[in-house]
Amino acid sequence: MTKQWLAPMVLLGLGAAFSFSASAQDAVSYEDKDELHDIVQAVEADNIEKDIRKLVSFGTRHTLSETESDTRGIGAARRWIYSEFEKISEACGGCLEVMYVSDVISGEKRIPDPVEVKSVIAIQRGTTDPNRYVMMSGDIDSRVSDVMDSTSDAPGANDNASGVAGTLEAARVLSQYEFDGSIVYAALAGEEQGLFGGKILAKKAKDEDWHLTAVLNNDMIGNIEGINGVINNSTARIFAEGTRMNESDREATMRRFYGGEVDSPSRNLARYIDWIADRYVPNLDTMVIYRLDRFGRGGHHRPFNDLGYPGIRIMETNENYNRQHQDLRTENGIKYGDTIDGVNFDYAAKLTALNAASLASMAWAPRPPANVEIEGAVKPDTTLSWSSQSQDEDNIAGYKVYWRLTDAPQWQFSRYVGNVDEYTLENIVIDNYIFGVASVSKDGFESPVVFPGPAGQFSIE
């Protein structure tokens, strides 16, 4: 390979010189995929509006609310969601496995007496690697000011009928395709009472040895009018934690010496989704936030993070706290409550399209590389190695090595290296960059990038 080196950059007058040794031809390259553009275009705001209105019509979806009525309460809401997934499955020839995932919770601060916390999920099985999963989720339940008030009207239009409606619409669109890996569409219960639906499903994933490589939690994706006075429909936030919750003492020591604080699988998942937004979703700029969630708060990706699974939260940029967890009322000319008029359906469709394209891209791509390792201390070259994935033998074309400056938020350089399990970057000094490896399918779809060592691995097997 002929190397066309960038000219050195010299900082004169400071007594120092700083040079880049990456090749000009190593600027990040990417194969644009028509299928992902088609998926983005297929998402319909009208469907999302219809579903949000239906969910609001149940009056309240509080976890402790009515379960026997067909028109009011959490029971009616989850049965309706189940029936919608069944309709979607019927339209694709039975391509979805629809089921309830539940457990009885009691003795908790917000669930003192026994209550069945019942989520609804639909699984679209992959054709070549069905035990590899990517997931999109939204929360069924709603609440007012008093978290224990299970009878007052709690429309929950944006928080979080918008996330459930987005998940249903993603299922409608993606069920028209076949994927190598499996996709899970989840309407999770019990979020406001303590993230119980997520805990129950995360436990199921671990007990059944799911190779769960991505959880995309959508919690409030429909509001564009912030409490700060900003009205904006062109940005979104992706929250992604750093160090894994279940990191061992030995892994913490390794991270201290080898790095990885900003390259957890959740953060490289967030970078992946950020790139999907840039490449496929018109007029959408996503902000990757290096934090588990909003300051001091949490969402339904956290139970998955707690078990080591990569997971992020996608949501609006400008929240309106007058519309969250509020009794329906008007005080001093201010309207409080999470009602339908506070939802922008086109914006919810835009964030749904981002989810759908991201899920599709990952489900068509091979598994992220396993056992990624790196060496090159006190050497002029950097060598990366990884394990091939036997489940992807018919899908994988090869691998791509990525690297970036240590303070860069996004990958800057890449090189496709073929179907090998080791590659040396000559004259790329290990101390000056952060490195990773992605799998590439025969159709050109890429997995998220995997940072070397336990800090960056996507698999918890």
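Tutor: Let us begin with M220, which is found in the loop between β5 (211-218) and β6, where strands are DSSP runs of E with at least two residues, helices are runs of H or I with at least four, and both are numbered from the N terminus. This is a predicted model, in which local features need pLDDT of at least 70 and side-chain atom pairs count only at pLDDT 80 or more, while totals for chains, interfaces and linings use all residues. Residues are numbered from 1 along each chain as its sequence is written, and side-chain values use heavy atoms, with hydrogens and water left out.

M220 is not a glycine, although its phi is positive, at about 75°. Is M220 buried or exposed? M220 counts as buried because its relative accessibility is 2%; buried means under 20% relative accessible area, exposed means over 50%, and partly exposed lies in between, with a 1.4 Å probe and protein chains only.

L195 also has a positive phi, near 60°, and is a residue other than glycine. L195 lies in the loop between β4 (181-188) and α5 (196-207), and its relative accessible area of 7% makes it buried.

Strand β6 (235-239) leads us on to R244, which lies in the loop between that strand and α6 (249-258). R244 is buried as well, since its relative accessible area is 14%. Leaving aside neighbours within four places in sequence, R244 is in contact (heavy atoms within 4.5 Å) with several residues, including P265, G308, P454 and F458. R244 and V115, by comparison, are 129 residues apart in sequence, and their C-alpha atoms are 31 Å apart in space.

Another backbone detail concerns N160, which is found in helix α4 (residues 157-174) and is joined to D159 by a cis peptide bond with omega of about 5°.

Of its 461 residues, 58% count as buried.
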